[in-house]
Amino acid sequence: VKLLQMNERAGKIEEKYQSFTDRLHNLEVKFEGRAKHVRQNQQGIKALNENLDEFKGKHRNDMYLANVRVDSVGAVVDNNAALADNQIKELRSTATTLRQNIITNNNTATQNISRLTRDLENLKKKFDDLDLKVSAIQEEAASSKKKR
C-alpha cells in the first residue's frame, strides 16, 4: 500500500514538473507581455516550487520509511537465518551424539551376548560333566547293591 502511494506521488511529481516545464516555455513568451502575466507566472512558479518541495519531502519520508522497513525485514531475516543455523548445528550435534551412543550400545550388547554365549557353553559343559558324574555314581551304587 505504501509503495503504491509512493508511486502515485511520484507520478504526481512528474505531472507537476511536466506542467511546470511546459509553463516555463510559455513564460518565455509571456514575459515579453504585460506585467500582469509576469506576476501571475511568478506566483505560479512559486506555487509549483512549493508543491515540488512538499512532494519531495513526502517522497523522502516515504523512502526513509521504506528503507527502515527493508532494514528491519533484513534484520529479521538475518536473525532467523542465524537461529536456523544454530538449530541445525544443535541437531547435527545431537545426531552425532545419538550415533555414538548407538555404536557404543551395539558394541556393549555384542560383547554381552558373546559373554553370555560363552557362559552358556560353560554351563552346558558343567551339566554334561555332572550328568557323567551322576551316571557314574548311579552305576557304582547299582553295582554295590548287586554285590551285597
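This is a predicted model: local features need pLDDT of at least 70, side-chain atom pairs count only at pLDDT 80 or more; totals for chains, interfaces and linings use all residues.
## Overall make-up

The protein chain has 148 residues, and 9% of them are buried. Its secondary structure consists of two helices and zero strands. Helix 2 covers residues 35-147.

The chain has an accessible surface of about 12900 Å². Carbon and sulfur atoms account for 55% of that surface.

## The salt bridge

Side chains of opposite charge can pair when their charged atoms come close. One salt bridge is present in the structure. It joins the side chains of Glu54 and Lys58, with 3.1 Å from N to O.

Both residues lie in helix 2, and because they are four residues apart, about one helical turn separates Glu54 from Lys58. Glu54 has a relative accessibility of 42%, so this residue counts as partly exposed. Lys58 is also partly exposed, with a relative accessible area of 33%.

## The nonpolar patch

Four residues, Leu120, Leu123, Phe127 and Leu130, make up a nonpolar patch on the surface. Together they have about 430 Å² of accessible area.

Phe127 belongs to helix 2. The relative accessibility of Phe127 is 53%, so the residue counts as exposed; the cut-off for that class is over 50%.

Definitions and conventions: Residues are numbered from 1 along each chain as its sequence is written. Side-chain values use heavy atoms; hydrogens and water are left out. Patches are made of residues with over 30% relative accessible area and no salt bridge: like charges are joined within 9 Å, nonpolar side chains (Val, Leu, Ile, Met, Phe, Trp, Tyr) within 5 Å. Accessible areas come from the Shrake-Rupley method with a 1.4 Å probe; for residues, only the protein chains shown count as cover. Buried means under 20% relative accessible area, exposed over 50%, partly exposed in between (1.4 Å probe, protein chains only).
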